Amino acid sequence: MGLLEDVAERDGWRCWVCDEPVDPDKSVNDSLGPSVDSRTADRKAKIAERLAHRGCNSRKGAVKVVIAWPDRLHVVEPAPLSTVATRLERKGGREMVARCPTKRDAQEAADWLVDRFSRLVPGLPVTAAIEPGGGQFLLILATGRR
C-alpha cells in the first residue's frame, strides 16, 4: 500500500481520468476504489504513476485516455486534452485549445483548464491566455520546458 498512498497523497486523492474524488476507504477491488495507473504507454512521461479509480483504470486499459471537457463550458472545437498535455509536457510552448463565443466563457474555460492540468500533469506549470480573434475568443495554454 506504500506506493498507492504516496501517489494518492501527491494527486490529492483525485482520479486523473475523471477528475472525481477517490475514496481512500473503498476497497481496491471496488470500481470506485483507488488504483495506481502506470504510464507505461508513454515512456517519456515525467511522472510514472498516477491515481485513478479502479473502474476508470480498467476501462481505459493500455490506450490513451480521452479527457472530457465539462458540458457546462461553452467551447467550440475543443482540442483533445491528452494530446495537448503530452505535447506541452514534452516540448513546452503554446497551443490553442479551443474557441469561445464570449470572453466570460473563455475565462471560465481557462480557469478550469489550469486547475485540471495541475492534476493531469502534476508539476507542469501551465498558464491560460485569452486572445480575441475572428469575433470569438481563442483559448491558449502555455508552459515553459521543465
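In this predicted model, helix H1 is followed by Gly12, a residue whose phi is positive, near 65°. Helix H1 itself spans residues 2-10, and its buried residues are Leu4, Val7 and Ala8. These three cover an arc of only 100° around the helix axis, which puts them on the same side of H1. The opposite face of H1, turned away from the buried side, carries the exposed residues Asp6 and Glu9. As for the partners of H1, its buried residues pack against two strands, E1 (34-38) and E2 (49-53).

Helix H3 is formed by residues 81-91 and helix H4 by residues 103-120; the two pack at an angle of about 70°, with their axes 12 Å apart. Because angles of 65 to 115 degrees count as roughly perpendicular, H3 is described as roughly perpendicular to H4. The crossing in which H3 passes H4 is right-handed.

The side of this contact contributed by H3 consists of Leu81, Val84, Ala85 and Leu88, while H4 supplies Trp112, Leu113, Phe117 and Leu120. Sorted by class, the contact of H3 with H4 has eight nonpolar residues, with no polar and no charged ones.

Definitions and conventions: Residues are numbered from 1 along each chain as its sequence is written. This is a predicted model: local features need pLDDT of at least 70, side-chain atom pairs count only at pLDDT 80 or more; totals for chains, interfaces and linings use all residues. Side-chain values use heavy atoms; hydrogens and water are left out. Axes are lines fitted to C-alpha atoms, for helices over the stretch in contact, and angles run from 0 to 180 degrees between N-to-C directions. Helices (H or I, at least four residues) and strands (E, at least two) are DSSP runs, numbered from the N terminus. Angles under 35 degrees count as roughly parallel, over 145 as roughly antiparallel, 65 to 115 as roughly perpendicular and the rest as oblique. A crossing is left-handed if the near helix is turned anticlockwise from the far one by less than a right angle, and right-handed if clockwise. Contact means heavy atoms within 4.5 Å. Ala, Val, Leu, Ile, Met, Phe, Trp, Tyr, Cys and Pro count as nonpolar, Asp, Glu, Lys and Arg as charged, and the others, Gly among them, as polar. Buried means under 20% relative accessible area, exposed over 50%, partly exposed in between (1.4 Å probe, protein chains only). The arc is that of the directions from the helix axis to the C-beta atoms.
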